[in-house]
Structure formats: structure tokens, C-alpha cells
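Please read this briefing with the sequence and the structure side by side.

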Amino acid sequence: MNIRLVRLLSYIWASPCTILAVIPGVVTLLLVGSLRRVGHTVEVGVRHSQEQVPSWISKYPFGAITLGHVIIGQSHELLTVLRPHEQVHVRQCEAFGPFFLVAYPLASLWALFQGRKPYEENAFELQAVQKSGFTEKMSEIT
Ligand SMILES: [Zn+2]
């Protein structure tokens with residue numbers, strides 16, 4: 001199959017996840033954030049460097065979140081560090097498509113049901129950490 005067609009289908013398949021990025025992405029841009037295209041994703045950062053991030057945002061427990069093909073982070077500097085982890089989540093969204101929106105919370109519930117941590121031991125997070133070597137949890141980055 002043509003690689004461009006495969007890419008187009010992956011955008012369409014993951015689009016229910018990507019659409020969820022519209023509101024937080026616009027809010028981030030209204031906070032004087034900026035966006036940049038990186039490969040087949042769009043990264044939205046509140047500021048360029050982590051030093052410039054307002055304290056009320058830098059205290060947020062997570063450095064970034066991936067919604068389909070959009071990755072929203074505290075800063076572009078941090079997004080560069082977290083890119084390998086977030087790209088794993090992009091691949092997960094591409095694989096599961098709209099079902100990722102159900103599969104991720106179910107994986108958290110499954111972890112919780114087994115007496116494990118619903119975020120850190122969510123199967124999708126474990127895979128992202130395993131493949132990238134990074135977590136996006138700020139307490140483990142800084
Ligand atoms: Zn993650």
C-alpha cells in the first residue's frame with residue numbers, strides 16, 4: 001500500500017483522539033504558547049524554555065500529554081526531552097484509533113483492580129517508558 005495512503009489512514013483512524021487536543025491546544029496558544037510541526041505530529045508548548053513556564057503550570061504533575069497527533073507540553077524544551085515517550089503514545093493512538101480513548105482508562109482501571117498504580121502501572125505507560133526510557137511525570141524528570 002502507498003505510504004502516503006497509510007499515513008493518511010493513520011491520521012483519520014487516530015482523529016477522534018486528535019480532536020480532543022483542540023480545546024487544550026487553543027488554551028495553550030492563548031497562554032502565549034506556540035506550536036511546531038515535528039515529523040507527523042504537532043507539538044504545542046506553553047513556553048520555549050522550561051525556565052519561562054509560569055510556576056502554576058510547572059507545578060503540574062505531568063510535563064506533556066499526547067492526544068492523537070498533537071502533543072501538548074509545558075515547554076518546547078521539555079517536549080524535546082519527552083519526545084521519545086510521547087511518540088510511543090502517538091503510535092498507540094494510531095494502533096487503537098478511537099478505541100484508545102476507552103482502552104487507556106480501562107488499562108488504568110485494570111491496574112487499580114490489581115492493586116497497582118493506575119497511572120504509572122497502566123500498560124500503555126509501561127510500554128511508553130520501556131520503549132523510550134522516559135516518563136512524563138514531572139517528579140521523575142526533575
Ligand atoms: Zn505517557
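In which helix does Pro-105 lie? Pro-105 lies in helix α5. The model is a predicted one, and the points below are grouped by topic.

- Pro-105 of α5 has a relative accessibility of 38%, so it counts as partly exposed.
- Along the chain, Pro-105 and Phe-124 are 19 residues apart, and their C-alpha atoms are separated by 9.9 Å.
- Two packed helices are described by the angle between their axes and the distance between the axes.
- Helix α5 covers residues 100-113 and helix α6 covers residues 123-132; the two pack at an angle of about 95°, and their axes are 7 Å apart.
- Angles from 65 to 115 degrees count as roughly perpendicular, and α5 and α6 are therefore roughly perpendicular to each other.
- On the α5 side, the contact is made by Phe-100, Ala-103, Tyr-104 and Ala-107, and on the α6 side by Ala-123, Phe-124 and Glu-125.
- By class, the residues of this contact of α5 with α6 are 6 nonpolar, no polar and 1 charged.

**The loop between α5 and α6**

- Asn-122 has its place in the loop between α5 and α6.
- The relative accessible area of Asn-122 is 0%, and therefore Asn-122 is buried.
- Not counting residues up to four places away in sequence, Asn-122 touches Tyr-104, Ala-107, Ser-108, Ala-111 and Lys-117.
- Among these, Tyr-104 and Ala-107 also belong to the α5 side of the contact with α6.

**Helix α1 and its contact with α4**

- α1 and α4 pack at an angle of about 95°, and 8 Å lies between their axes.
- That angle makes α1 roughly perpendicular to α4.
- From α1, the residues Arg-7, Ser-10, Trp-13, Ala-14 and Cys-17 meet Arg-91, Cys-93, Glu-94, Ala-95 and Phe-96 of α4.
- The contact of α1 with α4 has 6 nonpolar, 1 polar and 3 charged residues.
- Ser-10, placed in helix α1 (residues 3-19), counts as buried because its relative accessibility is 12%.
- In sequence Ser-10 and Glu-94 are 84 residues apart, while in space they are 5.6 Å apart, C-alpha to C-alpha.
- Neighbours within four places in sequence left aside, Ser-10 is in contact with His-69 and Glu-94.

**Cysteines**

- How many disulfides does the structure hold? The structure holds 0 disulfides.
- A disulfide is a covalent bond between the sulfur atoms of two cysteines.
- Cys-17 counts as buried because its relative accessibility is 1%.
- Cys-93 also counts as buried, at 2% relative accessibility.

**Residues of helix α4**

- His-89 is placed in helix α4, which covers residues 76-96.
- Is His-89 buried or exposed? His-89 is buried, because its relative accessible area is 5%.
- The side chains of His-89 and Glu-125 are joined by a polar contact of 3.2 Å.
- With residues up to four places away in sequence not counted, His-89 touches Thr-66, Phe-124, Glu-125, Ala-128 and Glu-136.
- Phe-124 and Glu-125, which His-89 touches, are also among the residues of α6 that make the contact with α5.
- Glu-77 is found in helix α4 too, but Glu-77 is partly exposed, with a relative accessible area of 43%.
- Leaving aside neighbours within four places in sequence, Glu-77 contacts His-48, Ser-49, Gln-50 and Glu-51.
- Glu-77 and Ala-128 are 51 residues apart in sequence, and 19 Å apart in space from C-alpha to C-alpha.

**A loop residue with positive phi**

- Where does Val-32 lie? Val-32 lies in the loop between α2 (22-30) and β1 (34-38).
- Most residues other than glycine have a negative phi.
- The phi of Val-32 is near 65°, a positive value in a residue other than glycine.
- With a relative accessible area of 63%, Val-32 is exposed.

Notes. Residues numbered from 1 in each chain as written. Predicted model: local features only at pLDDT ≥ 70, side-chain atom pairs only at ≥ 80, totals over all residues. Heavy atoms only, no water. Axes fitted to C-alpha atoms, helices over the stretch in contact; angles between N-to-C directions. Helix = DSSP H or I, 4+ residues; strand = E, 2+ residues; numbered from the N terminus. Parallel < 35°, antiparallel > 145°, perpendicular 65-115°, else oblique. Contact = heavy atoms within 4.5 Å. Nonpolar A, V, L, I, M, F, W, Y, C, P; charged D, E, K, R; others polar. Buried < 20%, exposed > 50% of the residue type's maximum accessible area, 1.4 Å probe, protein only. Polar contact = N/O pair within 3.5 Å; in protein donor to acceptor, adjacent residues only side chain to side chain. Disulfide = S-S within 2.5 Å.
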